[in-house]
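Please find below a note on the model under review, arranged as numbered points. Each point takes up one part of the fold or one group of residues.

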Amino acid sequence: MANRDELLIIRAARTGQAAAQLALGKRYLFGGGGLPRSLGTALHWLERAAEQNQEDAWLLIGSHIPLDVARHSSDPRRVALWYERAFEAGVAKA
């Protein structure tokens with residue numbers, strides 16, 4: 001169950017705030033507070049943050065989101081861009 005802090009982040013992320021989208025993506029990526037670890041949900045929010053030029057978002061995608069999870073995203077070709085940017089930024093795993 002999400003706690004009060006997570007609920008505030010979720011609301012802000014839903015309104016399009018890039019920093020909140022990144023924070024929410026991280027929480028789902030690693031699990032934290034009242035939120036479970038969910039790679040698919042993490043990818044969803046990290047993609048939203050990446051679309052708003054949050055460099056940490058595409059670095060996290062390239063470092064921590066397995067290709068198998070990315071293949072099941074709504075737009076796998078778009079996710080490929082984040083892997084490419086992460087690789088260019090020095091994330092060899094991407």
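1. Contact here means heavy atoms within 4.5 Å. On that basis Gln17 touches Ala12 and Gln52, not counting residues up to four places away in sequence. Gln17 is found in the loop between α1 and α2, where helices (H or I, at least four residues) and strands (E, at least two) are DSSP runs numbered from the N terminus. With a relative accessible area of 45%, Gln17 is partly exposed; buried means under 20% relative accessible area, exposed over 50%, and partly exposed in between, with a 1.4 Å probe and protein chains only. The C-alpha atoms of Gln17 and Ala49 are separated by 8.2 Å, although these residues are 32 apart along the chain.

2. Basis of the values. The model is predicted: local features need pLDDT of at least 70 and side-chain atom pairs count only at pLDDT 80 or more, whereas totals for chains, interfaces and linings use all residues. Residues are numbered from 1 along each chain as its sequence is written, and side-chain values use heavy atoms, with hydrogens and water left out.

3. Overall fold. The protein chain has six helices and zero strands, and its elements run α-α-α-α-α-α from the N terminus on. The radius of gyration is 13 Å, close to the 12 Å that the globule rule gives for 94 residues, so the chain is as compact as a globular protein of that length. This radius is taken over C-alpha atoms, and the globule rule is 2.2 Å times the number of residues to the power 0.38. Taken along the principal axes, the C-alpha atoms fill a box of roughly 35 × 25 × 25 Å.

4. Of the 94 residues, 38% count as buried. Among contacts with a separation of 6 or more, 52% are between residues 24 or more positions apart. The accessible surface comes to about 5500 Å², of which 50% belongs to carbon and sulfur atoms; the areas come from the Shrake-Rupley method with a 1.4 Å probe, and for residues only the protein chains shown count as cover.

5. Helix α3. The buried residues of α3 are Leu39, Ala42, Leu43, Trp45, Leu46, Glu47, Ala49 and Ala50. They pack against α1 (4-14), α2 (18-30), α4 (55-64), α5 (67-71) and α6 (76-88).

6. Helix α4. Ala57, Trp58, Leu60, Ile61 and Gly62 are buried in α4. The partners of these buried residues are α2, α3 and α6.

7. Most residues other than glycine have a negative phi. Asn53 lies in the loop between α3 and α4 and, at 58% relative accessibility, counts as exposed.

8. Gln21. This residue is found in helix α2 and is buried, with a relative accessible area of 5%. The side chain of Gln21 makes a polar contact with the side chain of Gln52 at 2.7 Å. A polar contact is a pair of N or O atoms within 3.5 Å; within protein, one must be able to donate a hydrogen and the other to accept it, and residues adjacent in sequence count only if both atoms are side-chain atoms. Beyond four places in sequence, Gln21 touches Ala13, Gly16, Trp45, Arg48, Ala49 and Gln52.

9. Tyr28. Helix α2 also holds Tyr28, which is buried with a relative accessible area of 15%. Leaving aside neighbours within four places in sequence, Tyr28 is in contact with Leu35, Pro36, Arg37, Ser38, Thr41, Ala42 and Trp45. The C-alpha atoms of Tyr28 and His44 are separated by 9.7 Å, the two residues being 16 apart along the chain.

10. Salt bridge. The count comes to one salt bridge, defined as a side-chain nitrogen of Lys or Arg within 4 Å of a carboxyl oxygen of Asp or Glu. Arg27 forms this bridge with Glu6, the closest N and O atoms being 2.7 Å apart. Arg27 lies in helix α2 and Glu6 in helix α1, so the pair ties together parts that are 21 residues apart in sequence. Arg27 counts as partly exposed at 27% relative accessibility, whereas Glu6 counts as buried at 3%.
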